[in-house]
Amino acid sequence: MNRVSLKMKLTLLYTLLMTAVVCGILVLLFSLGNRQILSSVQSRLRESVYGASGEIDWDDGYLEFDGDLDELENGVYLSVYDMDGSYLYGQVPSGFPQDTPLQDGSLRTVRQNGQEYGVLDLYVSVRDYGYVYIRGVASVSAAEEGVYVIQNTALILLPLLVIVTGVLGYFMTRRTLMPVSRMTATVRQIRQEKDLSKRIGLGKGSDEIYRLGQTFDALLAEIEEGFKREQQFTSDVSHELRTPVAAMMLQCETLLQDDSLSAQAKEGVDFLYQKVRYLSSMISQLLLLSRADQGRQPVVMEPLDFSELLEMSAMEAEEMAAEKAIKVSTGISSGLYVKGDETLLIRMVMNLVENAVNYGREGGHLGISLDSDGTWIRGSISDDGVGISQKDLPHIWERFYQADSSRSKSTSSGLGLSMVAWIIQAHGGHIQAESVPGRGSTFTFFLPEYHSDTRTC
């Protein structure tokens with residue numbers, strides 16, 4: 001039941017509730033109807049029988065009966081019997097048992113062959129003659145036939161009523177929950193596009209769903225404002241730190257060239273210099289990412305021979321890999337072009353190459369490949385180093401995320417892969433990572449190919 005949507009749950013609940021209400025009303029109406037029919041039959045019997053008591057006279061030695069006794073009025077059959085129960089005059093419905101005993105003032109029902117009759121006997125006195133019985137008989141079953149027709153019709157129409165109720169309930173529920181669907185779609189879009197400026201915007205309304213939408217919009221506004229302040233703070237701090245860090249690097253370089261310093265002092269200055277360089281690199285990456293977040297990082301798009309760019313990166317990779325005796329192999333297809341920012345793309349490739357060298361094993365292997373399917377350029381950089389655990393793999397693109405200790409390096413800021421992901425995205429591509437701990441990692445990126453027939457010479 002948890003997999004059923006709220007819209008369907010409400011529709012089922014509404015349909016079941018309405019069906020139960022309709023069935024309850026029908027049962028109540030039929031019950032009251034049957035009682036009303038019996039009461040109506042009894043009332044007509046009394047009216048007809050008591051009214052007929054004055055329509056019998058004795059004249060010249062004969063009983064005279066009014067013609068009304070022989071007419072069917074209000075569905076009541078009237079007949080007259082003497083003291084011995086012998087039939088004298090009137091009508092009796094076909095099928096009514098003639099041997100039904102006479103009972104003065106007794107209003108009762110008699111069943112015969114599946115038929116039900118209402119019976120009323122009245123013991124009356126006829127002047128100069130004596131006493132006779134007037135019997136009134138009315139068919140209860142005939143009166144109930146109309147109710148049975150309505151009942152059967154209702155039972156036949158009940159499934160149709162359930163279907164109509166369900167359909168109407170579905171559309172009513174869908175319309176009611178439409179703002180909820182809109183909220184869900186907006187939040188999903190915000191997550192996909194990372195755009196906190198979007199709002200649900202349900203408009204004016206006073207019900208609970210509209211108030212929920214307004215609360216969401218207010219919350220998004222606060223989150224966006226806080227995120228902007230954080231971006232601005234990061235940008236300001238990174239910018240302000242660049243000057244003193246650059247001064248420290250310059251001072252360290254000057255001291256390292258001073259021959260009057262002892263070897264021990266130079267060793268200390270060199271250690272400090274490496275740390276300052278690492279700090280400068282991290283500040284540069286932070287500044288670039290903060291500008292990218294604010295949409296202020298320029299991306300100069302121009303046709304580039306990406307094959308040539310990757311070949312040059314592979315040559316630099318060989319120099320870096322030589323320190324760890326890592327063998328670099330390439331499989332780069334020539335003449336593959338992209339439209340992009342050369343500086344950013346070089347930084348992207350070198351970040352991946354540096355990662356492969358830093359986390360590759362001594363005497364291992366580093367592979368660089370590039371090919372195309374006619375639409376996308378597919379580049380791959382792989383190593384056979386320590387690898388990345390499955391629990392860390394989904395988070396490697398997050399800023400400042402540090403994986404397990406086997407991949408933690410003192411020179412790693414946790415910003416490199418975040419920058420790689422942004423650069424790829426800024427060029428309309430995407431990147432993925434595959435890794436097996438202890439066996440290495442493969443980073444594969446895809447960029448739209450810029451075809452030769454669209455290039456300008």
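In the hairpin formed by β1 and β2, two residues lie between the strands, and aspartate 60 takes a positive phi near 55°; helices (H or I, at least four residues) and strands (E, at least two) are DSSP runs numbered from the N terminus. Strand β1 (residues 56–59) and strand β2 (residues 62–65) run antiparallel and are joined by four bridges, two strands being taken as paired if DSSP finds at least two bridges between them. The structure is a predicted model, in which local features need pLDDT of at least 70 and side-chain atom pairs count only at pLDDT 80 or more, while totals for chains, interfaces and linings use all residues. Residues are numbered from 1 along each chain as its sequence is written, and side-chain values use heavy atoms, with hydrogens and water left out.

Strand β3 (residues 76–81) pairs with β4 in the antiparallel sense over three bridges, and tyrosine 81 has tyrosine 87 in β4 as its bridge partner. Five residues separate β3 and β4 in their hairpin, and glycine 85 in the turn has a positive phi of about 90°. Strand β6 (residues 115–126) and strand β7 (residues 130–139) also run antiparallel, joined by ten bridges, with leucine 120 standing opposite glycine 136 in β7. The charged end of arginine 135 sits over the ring of tyrosine 81, 5.6 Å from its centre (the criterion being NZ of Lys or CZ of Arg within 6 Å of the ring centre and within 35 degrees of the ring normal).

Seven aromatic pairs are found in the whole structure; rings of Phe, Tyr and Trp (its six-membered ring) pair if their centres lie within 6.5 Å, and planes under 30 degrees apart count as stacked, over 60 as edge-to-face and the rest as tilted. The rings of phenylalanine 96 and tyrosine 117 have centres 5.5 Å apart and planes at 85°, so this pair is edge-to-face. Because phenylalanine 96 lies in the loop between β4 and β5 and tyrosine 117 in strand β6, the pair ties together parts that are 21 residues apart in sequence. Phenylalanine 96 and tyrosine 117 are both buried, where buried means under 20% relative accessible area, exposed over 50% and partly exposed in between (1.4 Å probe, protein chains only).

The largest nonpolar core has 39 residues, and those with the most contacts inside it include Phe306, Leu345, Met348 and Phe445; such a core is a set of buried Ala, Val, Leu, Ile, Met, Phe, Trp, Tyr and Cys residues joined through side-chain atoms within 4.5 Å. Among the elements that give two or more residues to this core are α5, α6 (342–358), β11 (365–372) and β14, and α6 gives the most, with eight residues.

As for cysteines, the count of disulfides comes to zero, a disulfide being a pair of cysteine sulfur atoms within 2.5 Å. Cysteine 23 counts as partly exposed because its relative accessibility is 27%, whereas cysteine 252, at 5%, counts as buried.
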